[in-house]
Amino acid sequence: MTTSHSARSLYLTIALLVVVIDRWTKHLAATRIQLYAHIQIIPGFFRLTHTENTGAAFSLFADSPAHWKTPLLIAFSVIAMTVVTALLWKQSQTLTTSGIALSLILGGAAGNLWDRVASGRVVDFLLFYVKQYQWPVFNLADSSVVIGAALLVFEILFSRPARAD
C-alpha cells in the first residue's frame, strides 16, 4: 500500500506524460505536414492529415462562427480539469482504474487547452476511414480523453461493489 502522496504523484506523472506526448506529436504534425495535406499510412484505413480545429473534440462546433465559442470551450476545459483534479486528489491508492482514467482525461484536456489558449485552435492529425466513411480528424489528447472516459464507463459497468462484512 502506498501513501496518497505517491498515488497523486503517479497520477500527475501520467497526466504530464500525456501532455508531453500530445504536444510533441502535434508539433511534428504541424511542422512536417502542410495544412490539409496528408500522408497515407494504411491505404483505405488510416492517414495523417494536418488540420486545425476551432471546435470541440472531433470537430464538434467547428463550423460555428460564434465569437464566444473559444472562450466557452476554454472555460469548459478549465472547469472539467478542476473537477477531474479534485477527483484525483481524493484517490489514495496507486494504479486504480479510475485514477488512471482520470489522469488520462486530465492530460488530454490540458493538451487541448494548451492549443486553444495559445492559438484558438487545436492541431488534429489522425484520420481513420473506410471508403467514403471517415471519423473526424483527431489527436492524441482527444484519444486520451476518450480512453479515460471508456475506462471509467468500464469500471462503472463491470466492477464489483465492495462487500460490507
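1. Lysine 131 sits in the loop between β3 and β4. The model is a predicted one, and this residue deserves a look in it. Lysine 131 has a phi near 55 degrees, a positive value in a residue other than glycine. Most residues other than glycine have a negative phi. Lysine 131 is exposed, because its relative accessible area is 71% and the cut-off for exposed is over 50%.

2. Tyrosine 36 also has a positive phi, near 70 degrees, and is a residue other than glycine. Its place is the loop between α1 (4–32) and β1 (38–42). With 60% relative accessibility, tyrosine 36 counts as exposed.

3. Now the overall layout. The chain has 4 helices and 4 strands. Read from the N terminus, the order is α-β-β-α-α-β-β-α. The chain has 165 residues, and 38% of them count as buried. Take the contacts in the chain with a separation of 6 or more: 67% of them join residues 24 or more positions apart.

4. Next, the helix pair α3 and α4. Helix α3 covers residues 97–119, and helix α4 covers residues 140–158. Their axes come within 7 Å and cross at roughly 155 degrees. The cut-off for roughly antiparallel is over 145 degrees, so α3 and α4 are roughly antiparallel to each other. The crossing of α3 past α4 is left-handed.

5. Which kinds of residue make up the contact of α3 with α4? There are 12 nonpolar, 7 polar and 2 charged residues in the contact. On the α3 side, the residues include Ile100, Ala101, Leu104, Ile105, Gly108 and Asn112. On the α4 side, they include Ala141, Ser144, Val145, Gly148, Leu151 and Glu155.

6. Glycine 108 lies in helix α3. Is this residue buried or exposed? Glycine 108 is buried, as its relative accessible area is 0%. Setting aside neighbours within four places in sequence, glycine 108 is in contact with Val18, Ala141, Ser144 and Val145. Of these, Ala141, Ser144 and Val145 are among the α4 residues that meet α3.

7. Then the aromatic residues. The structure holds 4 aromatic pairs. One of them is phenylalanine 128 with phenylalanine 138, and this pair is stacked. The rings are 6.0 Å centre to centre, with 20 degrees between the planes. Phenylalanine 128 belongs to strand β3 (residues 122–130), while phenylalanine 138 belongs to the loop between β4 (133–134) and α4, so the pair ties together parts that are 10 residues apart in sequence.

8. Together with Phe45 and Phe46, they form one aromatic cluster.

9. Threonine 49 is found in strand β2 (residues 46–53). Threonine 49 is buried, because its relative accessible area is 8% and buried means under 20%. Leaving out neighbours within four places in sequence, threonine 49 is in contact with Ala37, His38, Asp124, Phe125, Leu127 and Val137.

10. Leucine 48 lies in strand β2 as well. With 22% relative accessibility, leucine 48 counts as partly exposed. Not counting residues up to four places away in sequence, leucine 48 touches Ile33, Ala37, His38, Ile39, Ile41, Phe125 and Leu126. Ala37, His38 and Phe125 are also contacts of threonine 49. The C-alpha atoms of leucine 48 and valine 137 are separated by 8.8 Å, although these residues are 89 apart along the chain.

How values were computed: Residues are numbered from 1 along each chain as its sequence is written. This is a predicted model: local features need pLDDT of at least 70, side-chain atom pairs count only at pLDDT 80 or more; totals for chains, interfaces and linings use all residues. Side-chain values use heavy atoms; hydrogens and water are left out. Axes are lines fitted to C-alpha atoms, for helices over the stretch in contact, and angles run from 0 to 180 degrees between N-to-C directions. Helices (H or I, at least four residues) and strands (E, at least two) are DSSP runs, numbered from the N terminus. Angles under 35 degrees count as roughly parallel, over 145 as roughly antiparallel, 65 to 115 as roughly perpendicular and the rest as oblique. A crossing is left-handed if the near helix is turned anticlockwise from the far one by less than a right angle, and right-handed if clockwise. Contact means heavy atoms within 4.5 Å. Ala, Val, Leu, Ile, Met, Phe, Trp, Tyr, Cys and Pro count as nonpolar, Asp, Glu, Lys and Arg as charged, and the others, Gly among them, as polar. Rings of Phe, Tyr and Trp (its six-membered ring) pair if their centres lie within 6.5 Å; planes under 30 degrees apart count as stacked, over 60 as edge-to-face and the rest as tilted. Buried means under 20% relative accessible area, exposed over 50%, partly exposed in between (1.4 Å probe, protein chains only).
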